[in-house]
Amino acid sequence: MFKATIDADILKTSIETLSVLVDEARFRISPEGITVRAVDPANVAMVSFELGSDAFDEYSADDCEIGLDLSKINDIFGVAGKEDKLSMELDEMSQKMSLHIGGLSYTLALLDPSTIRAEPRIPQLELPAEVVLNGKDLLKAVKAAEKISDHMLLGIEDDTFYMEAEGDTDRVRLDITRDQLIDLKAGDARSLFSLDYLSDIVKPASRSNEVTVELGKDFPVKIGFTIANGTGRIGYLLAPRIESD
């Protein structure tokens, strides 16, 4: 059983944090809320999604698992106004979800969860460096880097977090010092990442005033922030590109 009502805009922006990496996902529903763990088709990035029951105006659920086509959900959100509420109710017998939004009623066929890639095991990494900064600073650096390269360095140098990209002839670098950051735990950190993935990840991250970035040397980066007015959390894990000597 699952029945809930939520601000359409809150759920829309929450789902967008998933759809930047995957087109379909297994949603685990429980009385406490909704969770998703997914990996992109190329096995380069993972996403961990949590949306607590207190994000909803009304929420009633038993433990269950459903599969959703995220592109269909995003299409439906396209008709929603800023102030619209979204009501959802699961029919477990027919494996369909009833959605009511802006005076419109949808009946959405669900995907069989067993046909969707299994949840990945999220590795427990103890990374030596951690930066907390405004998501807009991440977006600014990534947009600049995209103009000259297809990859980007993230690292710590003394008390400075830097983001750097180098092309055949050009180079761009953004330095953010400790006093410009929300927080910094300095450590040995320097890793290279694909801008294809970083660009997708920083789009939703740029809406957050407080993004946590955890780094190591040639290790994956962990990027996390809260969603849905603090009632949910998203975490990304992106594998590095190993630099050749």
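Which residues touch the most other members of the largest nonpolar core? They are F2, F27, M88 and F161, in a core of 74 residues. This is a predicted model, where local features need pLDDT of at least 70 and side-chain atom pairs count only at pLDDT 80 or more, while totals for chains, interfaces and linings use all residues. Residues are numbered from 1 along each chain as its sequence is written, and side-chain values use heavy atoms, with hydrogens and water left out.

**Nonpolar cores**

- A core here is a set of buried Ala, Val, Leu, Ile, Met, Phe, Trp, Tyr and Cys residues joined through side-chain atoms within 4.5 Å, with buried meaning under 20% relative accessible area for a 1.4 Å probe, protein chains only.
- Among the 74 residues of the largest core, six come from helix α4 (residues 195-205), the element that gives the most; helices are DSSP runs of H or I with at least four residues, and strands are runs of E with at least two.
- Another core, of five residues, lies apart from this one and includes M46, L125, L127 and L237.

**The cavity**

- One cavity of 30 Å³ or more is counted, a cavity being a set of points on a 1 Å grid over the protein atoms alone where a 1.4 Å probe fits but cannot get out.
- The largest cavity has a volume of about 190 Å³, taken as the space filled by probe spheres set on the points, which are joined across faces, edges and corners.
- Its lining has 19 residues (an atom within 4 Å of a point), and L11, I15, F27, L68 and M88 are the closest to its centre.
- Helix α2 supplies the largest share of that lining, three residues.

Terms used. Buried means under 20% relative accessible area, exposed over 50%, partly exposed in between (1.4 Å probe, protein chains only). On a 1 Å grid over the protein atoms alone, a cavity is a set of points where a 1.4 Å probe fits but cannot get out, and a pocket is an open set with protein on both sides within 12 Å along at least five of seven lines; lining residues have an atom within 4 Å of a point.
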